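Dear colleague,

I am passing on to you the structure shown below, together with a summary of what was found in it. Please read the notes with the coordinates open beside them.

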Amino acid sequence: MGATPSVAVEKAGYFTVPGAHLYTVLHEVPNPVARVLLVGSFVAERHTAYIPWVRWARFLGARGIECLRYDYRAIGESTGVLEEMTFDHWIEDVQLLAGWLRAREPRVPLLLNGLEIGAILAAKAFEAGSGDALLLWAAPATAHEAIRSVIVRRVAIEYAFKFGDERKPVSQYIRDIENGQPLDLEGYRLPSRLWRDSFHVQLPRQLASEGGSFFPPVRPVRMVELDAKAAPLVKGSSLLDDALARDLTPLFFENFQWIAQAMAIPSAGRQ
Amino acid sequence: MNTFIESRELIAVDVGGNRLWATYHKPCRDLSNLAPDEKNRVGILFLNSGLLPRASPSAVYWAESFARCGYPAIRFDLPGLGDSQGDIPEKAFDFVSDGGYAPDLAAALKNIVNRYELSGVVLMGLCAGAVTSLFTAAISAECQGLILMDPYFHVPQERLKIRDELSRWSVLSGPGLFAGHVYHGFRHLARVLRGNKLPKNANLPLLRSWRQVTSAGKPVLVLKAPSLKTRGIKPRAGEFDYLAYLQRVAGSGADVRVRVIEGTNHSFADTAGCQGVREHSERWLNHFFPLSTQTEPQEATVMERAMALPGLRS
């Protein structure tokens with residue numbers, strides 16, 4: 001997929017939160033019809049999903065929807081100490097940025113769009129009152145489910161590069177982190193505490209049980225499962241094979257149409 | 001939103017009609033407060049592997065560490081990658097192998113050197129980033145040295161799916177492991193019988209760039225992670241030893257140093273990789289690009305600070 005001719009101006013900047021600076025990129029649109037806060041994937045998955053995530057922001061920008069994407073506290077370009085983070089900090093990031101985006105023009109509707117663990121964080125912030133609509137991509141039932149799958153990938157890499165006596169099975173990694181050792185995920189040293197906490201970080205009950213399309217008070221919600229066809233937006237993909245050739249336009253277009261409908265955008269489809 | 005914080009600045013460089021983004025890590029001392037002769041220092045510009053964005057934890061760690069030693073450090077997104085504008089070529093890795101990014105990067109180097117009053121730049125690249133760094137060094141007067149992390153000197157070919165499956169089988173199962181040993185043993189034999197010539201898929205333009213760079217006297221540090229199924233500097237049985245070849249063909253004025261970092265993998269992202277790269281690079285920078293009036297930071301202090309970085313406490 002080639003780059004979409006964008007009317008958005010992309011502005012990178014730092015947003016100050018308690019104890020850290022969040023790296024943000026605003027895809028600024030004159031007179032936007034809606035705004036979207038993009039809550040991306042976690043640690044190592046952030047890297048592989050980056051290109052299609054940026055393309056999604058540009059796709060929306062080209063259709064008059066202003067987007068803000070960012071890195072979680074202590075992840076990627078943002079500052080902060082991962083060992084000191086909790087999931088509550090990351091939910092707070094969503095709330096603070098949603099507040100900032102909302103304040104730019106309160107009459108313009110705001111949607112939260114989360115990917116993988118970002119879907120849980122976005123849903124939590126939405127449950128607490130942020131945003132007018134919610135779009136969840138590849139939402140795991142718990143944060144733990146997502147982190148565990150990252151470990152499996154990590155072990156696959158280890159198997160390729162190490163000799164038999166240096167290899168560890170997945171169960172050993174899990175024993176280690178449960179015994180208090182941090183887990184190295186592509187350079188992110190995930191503390192044992194986050195692993196334990198991740199069992200309890202889950203989608204709000206309304207979404208987990210019903211896969212709800214509305215959230216009280218009536219605010220539209222959509223949950224989208226993403227399979228291997230959406231790689232490398234979701235895990236399990238090979239960068240070399242997938243990142244470039246994969247055309248995600250059908251996925252983007254379908255979700256854009258839902259956003260246009262949910263946010264009652266009159267000129268949906270404008271290029 | 002601010003484009004800078006105490007230790008970093010987000011910078012945009014317009015090249016070839018695209019706005020390219022980078023993160024500049026300020027050196028420990030403000031350049032603007034220095035006397036003119038002290039300003040003569042190189043910056044380190046890092047290119048990440050393949051299609052990865054500029055902000056992986058290891059890249060941030062190295063940039064912060066170099067900046068603390070007094071070297072301005074820049075992490076850079078090539079066109080179409082990370083946050084930078086531009087289309088990614090359909091055959092991106094062929095584009096890399098052809099040196100396709102080099103003209104844009106060379107133009108960006110000019111801009112950055114002027115903007116921060118640097119005497120030049122050391123390019124530091126990982127994997128495909130190393131390939132682009134080497135091509136750029138051959139055409140850029142601003143590039144004064146290279147740190148190449150696990151570079152490759154062949155043109156990667158598209159692999160059939162069955163070959164990927166066989167590779168996986170040879171890694172994950174006992175019989176596969178045995179079959180892999182036999183296969184690579186035969187490859188080794190065939191290579192010896194052919195006189196250990198350059199493989200057909202060698203990237204000849206890249207090898208020419210290597211000769212240009214080394215014969216121009218630009219120092220090169222090659223950092224190697226252990227290759228698949230092998231230890232130390234030697235490649236796996238059956239594979240051509242490019243590093244031995246490159247050291248032979250480097251010009252007479254060449255200064256090429258090769259270091260292996262054990263216990264890490266190709267990404268150098270784990271603790272052993274991060275620390276090994278930092279230590280070897282800092283030693284090499286201090287040797288070839290010493291900061292004239294800088295008080296050398298004590299190793300323990302550097303280490304303490306580095307270990308306090310996100311993701312690297314032990």
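In chain B, the contact between the two domains takes 7 residues from domain 1 and 8 residues from domain 2. On the domain 1 side, the residues that touch domain 2 of chain B comprise 3 nonpolar, 3 polar and 1 charged. Please bear in mind throughout that this is a predicted model.

The bounds of these domains are as follows. Domain 1 of chain B is made up of two segments, 8-157 and 202-307, while domain 2 of chain B covers 159-200.

Chain A is also assigned two domains. Domain 1 of chain A consists of 9-141 together with 202-262, and domain 2 of chain A runs over 143-201. Where they meet, 15 residues of domain 1 of chain A are in contact with 15 residues of domain 2 of chain A. Two helices of chain A, helix 1 (43-61) and helix 3 (117-127), each contribute at least two residues to the side of domain 1 that touches domain 2. Helix 1 of chain A provides the most, with 3 residues. By class, that side of domain 1 of chain A holds 9 nonpolar, 2 polar and 4 charged residues.

Turning to the fold of chain B, the model contains 10 helices and 8 strands in this chain. Chain B has 314 residues, of which 46% count as buried. When contacts in chain B between residues at least 6 apart in sequence are considered, 69% of them join residues at least 24 apart.

One helix pair in chain B was examined in detail. Helix 1 (residues 57-69) and helix 9 (residues 271-288) of chain B have axes that come within 10 Å and cross at roughly 30 degrees. Angles under 35 degrees count as roughly parallel, and helix 1 and helix 9 of chain B are therefore roughly parallel to each other. Their crossing is right-handed. From helix 1 of chain B, the contact involves B:Ser58, B:Tyr61, B:Trp62, B:Ser65 and B:Cys69. Helix 9 of chain B contributes B:Gly273, B:Cys274, B:Val277, B:Arg278 and B:Glu282. Taken by class, the residues of this contact between helix 1 and helix 9 of chain B are 5 nonpolar, 3 polar and 2 charged.

With kind regards

Conventions: Residues numbered from 1 in each chain as written. Chains lettered and ligands numbered in written order. Predicted model: local features only at pLDDT ≥ 70, side-chain atom pairs only at ≥ 80, totals over all residues. Domains from an automatic or database assignment. Nonpolar A, V, L, I, M, F, W, Y, C, P; charged D, E, K, R; others polar. Helix = DSSP H or I, 4+ residues; strand = E, 2+ residues; numbered from the N terminus. Buried ≥ 20, exposed ≤ 12 C-beta atoms within 10 Å, placed from the backbone. Axes fitted to C-alpha atoms, helices over the stretch in contact; angles between N-to-C directions. Parallel < 35°, antiparallel > 145°, perpendicular 65-115°, else oblique. Left-handed = near helix turned anticlockwise from the far one by under 90°.
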